[in-house]
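Please report on the fold of this chain.

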Amino acid sequence: MVLIFMLSALLTAFDDNVELTELDFRLGKDIAGLHFDGRQEYKVDGAGYSVTYANKMCKVDLYVYDGKQTDIPDGIASKQVDQERKNACNELPNAQKKRLLKNLNRTEGELPLPKEIQEKFTVDGFTFEITGGKCKSYVLVTGFKKHFLKIRATQYIVDGKSNDTELHDFLAEIARHVDISQKK
């Protein structure tokens with residue numbers, strides 16, 4: 001009986017985590033003021049899944065997939081990661097053509113993200129408008145454990161302000177898990 005109770009308690013403790021099994025890490029349900037908002041499995045082979053975190057000021061989607069590739073190297077310095085970055089950036093102009101957003105602009109110059117994030121992810125920035133107001137958005141991609149980890153972060157600009165500190169802290173927590181220095 002005690003063993004059953006301990007096992008039940010242990011399983012309940014894991015319910016407070018969001019598993020990214022292929023990447024061999026767990027995330028908390030609350031990170032830097034953003035809250036886990038769901039997981040979506042994609043039925044197309046190689047498309048993987050996504051997990052979403054959000055609050056009233058932003059939404060962040062983390063996509064884990066292999067695109068049916070078996071040779072994805074760790075880090076940002078590969079043709080595969082560069083191609084995934086380009087593909088992800090092309091999704092926004094397509095969304096504008098479908099009138100899901102408007103006034104799309106690529107952010108020029110150095111992006112205002114901490115160094116530890118930019119060392120582990122290729123990053124592109126954008127601004128656009130959706131129904132309800134202006135947004136700024138980032139697309140981040142890296143290779144890790146033979147998978148792509150793509151992050152799409154969209155911040156809502158309210159009264160000229162955005163939640164930069166929360167987003168930076170959230171992304172820093174993800175980057176902390178992406179340890180490409182140790183091969184396993």
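The report below goes from the overall fold to the sheet, the helices and the cores.

## Overall fold

This is a predicted model. The chain has 4 helices and 10 strands. From the N terminus on, the order of elements is α-β-β-β-β-β-β-α-β-α-β-β-β-α.

Of the 184 residues in the chain, 41% are buried. Among contacts between residues at least 6 apart in sequence, 52% link residues at least 24 apart. The exposed surface comes to about 10900 Å². Carbon and sulfur atoms supply 52% of that area.

E8 spans residues 122–130 and E9 spans residues 133–144. These two strands pair in the antiparallel sense over 9 bridges. Phe-128 stands opposite Cys-135 in E9.

## Helix H2

H2 has 19 residues and reaches 27 Å from its first C-alpha to its last. That is close to the 27 Å expected at 1.5 Å a residue.

The buried residues of H2 are Gln-80, Val-81, Glu-84, Arg-85, Ala-88, Cys-89, Leu-92 and Ala-95. They pack against E6, E7, E8, E9 and E10. Arg-99 follows H2 and has a positive phi, near 65 degrees.

## Helix H4

With 14 residues, H4 reaches 20 Å from its first C-alpha to its last, close to the 20 Å expected at 1.5 Å a residue.

The buried residues of H4 are Leu-167, His-168, Phe-170, Leu-171, Ile-174, Ala-175 and His-177.

## The nonpolar cores

The largest nonpolar core has 31 residues. Within this core, Leu-20, Leu-62, Phe-121 and Leu-149 touch the most other members. Two or more residues come from each of strand E1 (17–20), strand E2 (25–28), E5, E6, E9, E10 and H4. The largest share of this core, 5 residues, comes from H4.

Setting aside neighbours within four places in sequence, Leu-149 is in contact with Leu-23, Phe-25, Leu-62, Tyr-63, Val-64, Phe-121, Leu-140, Val-141, Thr-142, Ile-174 and Val-178. A second, separate core has 16 residues, including Ile-72, Leu-92, Val-139 and Phe-148.

## Thr-122

Thr-122 is found in strand E8. Is Thr-122 buried or exposed? Its relative accessible area is 13%, so Thr-122 counts as buried, the cut-off being under 20%.

Which residues does Thr-122 contact, leaving aside its neighbours within four places in sequence? They are Ile-76, Val-81, Arg-85, Val-139, Leu-140 and Val-141. Among these contacts, Val-81 and Arg-85 are also listed with the buried residues of H2.

Note on methods. Residues numbered from 1 in each chain as written. Predicted model: local features only at pLDDT ≥ 70, side-chain atom pairs only at ≥ 80, totals over all residues. Heavy atoms only, no water. Pairing = 2+ DSSP bridges. Buried < 20%, exposed > 50% of the residue type's maximum accessible area, 1.4 Å probe, protein only. Contact = heavy atoms within 4.5 Å. Core = buried A, V, L, I, M, F, W, Y, C linked by side-chain atoms within 4.5 Å. Areas by Shrake-Rupley, 256 points an atom, 1.4 Å probe, with all protein chains shown as cover. Expected span 1.5 Å × (residues − 1).
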